[in-house]
Amino acid sequence: MTWSAPAWLWSWFIDPLAHSFMQRGLVVAVLVGAVCALLSCYLVLKGWALMGDAVSHAVLPGIVIAHVIQIPLAIGAFAAGLGCAIATGYIKSNSRIKEDAVMGIVFSGLFALGLVLFVKVETDQHLNHILFGNMLGVQWPDVLEAALIAVPAIVIVIAKRRDLLLYCFDPTHARAIGLPVGTLHFGLLTLLALTIVASLKAVGIILVIAMLIAPGAIGYLLTKRFDAMLAIAAAAAIGSSVVGTILSFHIDGATGPTIVVVQSALFVLAVMIKRGGRSANA
Amino acid sequence: MLLGPAIDLLLEPFAYQYMARAIWVSALVGAVCAFLSCYLILKGWALMGDALAHSVVPGVALAYLLGFPYAIGAFTSGIIAALGIAFVRRLTMLREDAVIGLVFTTLFAIGLLIVSINPTSVNVQSIVLGNILAISDDDVTQVIVIAAISLAILGLKWKDLLLAFFDESHARSVGLNPWLLRVLFFVLLSACTVAALQTVGAVLVIAMVVTPGATAHLLTDRFGMMIGLAMLIGAATSALGAYLSFFLDGATGGLIVVLQTLVFLAAFVFAPKYGRLAARRSARRAAEVIR
């Protein structure tokens, strides 16, 4: 009796992986989940949730234009995402409009431009796949491309975590002790844009923002130490990616949204653990 | 000689009833959203507009799936989102933007999940990107009712809202209830979000409730004037966008928002007092005075 529960659980997890598209989907989900989780810790601490939202939407015209002029889509997406962040900074410092509104104006304008261009241009890309991703349709070259972007991003985030953290928490102090604040600012934006580009094929540009908030929020709730926060966020995201991918197979639903819903469920669980712990201590 | 065919081509959209309807419904929605945008801009609530637009998606999906009016579904999930945000903020120490982002992406993902499990009942693109050219009669009625009621309430209460948002103690002293007015504002905002969903879709609603107000804010210092200008911009860009989409075979929402962004950029550069050129001029003048 004690071993029968693990047995059905085991087959619940393993059976879907007999399909090669599920294997590829799982690999890319874990990869994207991990890199988004690390970035999300900084976004949550710095209050950049809207920045993640903005950059992810802004990549759409970049993708369409890259398709027209025949360069890799990732390059176009990256340029458009970074362009959105730079334009936001320029308009904000040169007008009396608040930053959140400027960000909303710039990214919705770029996204709208992307939609209009998309209708005008004949492409073999599916709009739905760009918007919502196509986790179970990725091919091995797509997985490789995501890995080529995500792995260096993960390495940089982990190697530079102290400097980035200080920049997020206290830019003035970071400047005072001689850290290159401007470089760190653009470094973080660049990492964000890279992460979004890496996630494109899997979760699409609309849902990636969810993966860029929830894991960091979970980590933030459960620990006060930043290294532990990174670890918890990554573990929560990878766990959600695995469970979400497999679950989506069984319920026959879209994979990206399933992963996001699992992450949100974990967040609710984290809130309950936190509350339970506090009342036990009190 | 060429003028005749050219004019025929330009007038062609008006020959189709669905086009004429799309144009004036879009203009109406654009005007109401622009009204609200003036408050959102000055209060720094842009993210709330985006959040509400995404949060209503599961309600819309369920409404189409189960066959009840989409406005009711959208409205219910908008309220769930607002309560969820307030609840999570009370329970955790997280920053407000992270909480808002967390709640709206969760609801949006639930909406997409519902659609993906029942792909035949709703077209996900028409929720996310809008589809005013193919709007059903029932939906037109809902949009008009929502927009007309919102416009009437805003017309009556715009000064009270202004006072309650920007000078709370004064508002209280003249007998207004700021909390109640705030609730009223968010109810109106979710209602207009629901209407805008039909014209530009969930992703671009943020432009409708931010860009016209921001443009007007660059052009004037008086709030009444700002509302008038914003509504004019919102209605004109929405009507023109819907009109132009006839020639492009779609992307109505995209065209409307591109036009709004262009008007904003024009104001950013050329606005008489707050534009870039004006700023450069006054900087030069200041430099000459010093010399």
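Reader: Which residues in α2(A) meet which residues in α12(A)?

Author: Please bear in mind that this is a predicted model. When two helices pack, one lists the residues on each side that are in contact. From α2(A) come Met22(A), Gly25(A), Leu26(A), Ala29(A), Val30(A), Gly33(A), Ala34(A), Cys36(A), Ala37(A), Leu38(A), Ser40(A) and Cys41(A). They meet Met229(A), Leu230(A), Ala233(A), Ala234(A), Ala236(A), Ala237(A), Ile238(A), Ser240(A), Ser241(A), Val242(A), Thr245(A) and Phe249(A) in α12(A). By class, this contact has 18 nonpolar and 6 polar residues, with no charged ones.

Reader: At what angle do α2 and α12 of chain A pack?

Author: One considers the axes of the helices and their directions. Helix α2, residues 20–46, and helix α12, residues 226–251, both of chain A, pack at an angle of about 150°, and their axes are 8 Å apart. An angle over 145 degrees counts as roughly antiparallel, and α2(A) and α12(A) are therefore roughly antiparallel to each other. The crossing of α2(A) and α12(A) is right-handed.

Reader: How many residues of chain A are in contact with chain B?

Author: An interface may be described by the residues on each side. Here 49 residues of chain A are in contact with 47 residues of chain B. On the side of chain A, α3 (49–68), α5 (99–120), α6 (127–132), α10 (181–211), α11 (214–222) and α13 (255–281) each supply at least two residues. The largest share, 13 residues, comes from α5(A). By class, this side of chain A has 31 nonpolar, 11 polar and 7 charged residues.

Reader: Is Glu122(A) buried or exposed?

Author: Glu122(A) has 8 other C-beta atoms within 10 Å, so Glu122(A) is exposed. Glu122(A) is found in the loop between α5 and α6 of chain A. The C-alpha atoms of Glu122(A) and His67(A) are separated by 9.7 Å, although these residues are 55 residues apart along the chain.

Reader: What radius of gyration does chain B have, and how does one judge the value?

Author: One compares the value with that of a compact globule. With 291 residues, such a globule would have a radius near 19 Å; chain B has 21 Å, which agrees. The C-alpha trace of chain B spans about 70 × 70 × 35 Å along its principal axes. Chain B has 15 helices and 0 strands, and 51% of its 291 residues are buried.

Definitions and conventions. Residues are numbered from 1 along each chain as its sequence is written. Chains are lettered from A and ligands numbered from 1 in the order in which they are written. This is a predicted model: local features need pLDDT of at least 70, side-chain atom pairs count only at pLDDT 80 or more; totals for chains, interfaces and linings use all residues. Two residues are in contact if their C-beta atoms, placed from the backbone, lie within 7 Å. Helices (H or I, at least four residues) and strands (E, at least two) are DSSP runs, numbered from the N terminus. Ala, Val, Leu, Ile, Met, Phe, Trp, Tyr, Cys and Pro count as nonpolar, Asp, Glu, Lys and Arg as charged, and the others, Gly among them, as polar. A residue is buried if 20 or more other C-beta atoms lie within 10 Å of its own, exposed if 12 or fewer, and partly exposed in between; C-beta atoms are placed from the backbone. Axes are lines fitted to C-alpha atoms, for helices over the stretch in contact, and angles run from 0 to 180 degrees between N-to-C directions. Angles under 35 degrees count as roughly parallel, over 145 as roughly antiparallel, 65 to 115 as roughly perpendicular and the rest as oblique. A crossing is left-handed if the near helix is turned anticlockwise from the far one by less than a right angle, and right-handed if clockwise. The radius of gyration is taken over C-alpha atoms; the globule rule is 2.2 Å times the number of residues to the power 0.38.
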